[in-house]
Amino acid sequence: MALYNTPYDAANTAVRAFLTKIGEYYLERSFNTSSGLAKKDWLKIRDEIFEGCCAYCGVSGVKLQMDHLIMFNRQEFGLHHPGNIAPACSPCNKRTKNNNRKYNSWENHLSIICERNKSKEQFFDRWKRIKQHIDEGDFAYPKLTEGESKAIKIIASNLYERIKTEFESSIELYQELDKEFIK
Ligand SMILES: [Zn+2]
């Protein structure tokens, strides 16, 4: 839990809640991985589909975290959906930014890690495993039409702006009231 919360944090949380609900809409059930069926899905993804290895560097025997392949943010608008989840070790779970100051896509991220670890020959196998998981695995990610992807992007961006604006107007309201009280 962050100790210092900004209007941007509030707006980002709202966007993630929206992407979670839309993911569940396509999944047709809850995907709260802290318990129940969704937790089993996560364990299956981690231990069976990816055989207990980091999807990016292949390390095993370390704590693996949930990575959203199509990023769960305002850059890529990835849904919280099992087809978008892969296990990643702690260092690989941090996306670096490219020259345009944008986060790298999962494919670029994988390529950078394979190059850095001098395991370029592993790139294609790892890429194929992730790609199959997204496209045709037991939990295939919804095949969104261009219209659906655009709608998600527009609504999420709008939600972000509205939350930020609401927050700022609450601060202004407080300042105005405070001035009234002083009089
Ligand atoms: Zn890793």
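The mean pLDDT of the chain in this predicted model is 95, and 98% of the residues reach 70 or more. Among the elements of the chain, the highest mean pLDDT, 98, belongs to strand β2, which spans residues 85–88. The lowest, 94, is found for helix α5, residues 146–182.

The loop between β2 and α3 (106–116) contains Arg-95. The relative accessible area of Arg-95 is 9%, under the 20% limit, and the residue is therefore buried. Two backbone oxygens lie within reach of the Arg-95 side chain. That of Leu-69 is 2.8 Å from a polar atom of this side chain, and that of Asn-104 is reached at 3.0 Å.

Helix α3 packs against helix α4 (residues 123–136) at an angle of about 155°, and the two axes are 10 Å apart. Because this angle is over 145 degrees, α3 counts as roughly antiparallel to α4. The crossing of the two helices, α3 and α4, is right-handed. On the α3 side, the residues in contact are Trp-106, Glu-107, Leu-110, Ser-111 and Cys-114. These meet Phe-123, Arg-126, Trp-127, Ile-130, Lys-131 and Ile-134 in α4.

Methods: Residues numbered from 1 in each chain as written. Predicted model: local features only at pLDDT ≥ 70, side-chain atom pairs only at ≥ 80, totals over all residues. Heavy atoms only, no water. pLDDT = per-residue confidence, 0-100. Helix = DSSP H or I, 4+ residues; strand = E, 2+ residues; numbered from the N terminus. Buried < 20%, exposed > 50% of the residue type's maximum accessible area, 1.4 Å probe, protein only. Polar contact = N/O pair within 3.5 Å; in protein donor to acceptor, adjacent residues only side chain to side chain. Axes fitted to C-alpha atoms, helices over the stretch in contact; angles between N-to-C directions. Parallel < 35°, antiparallel > 145°, perpendicular 65-115°, else oblique. Left-handed = near helix turned anticlockwise from the far one by under 90°. Contact = heavy atoms within 4.5 Å.
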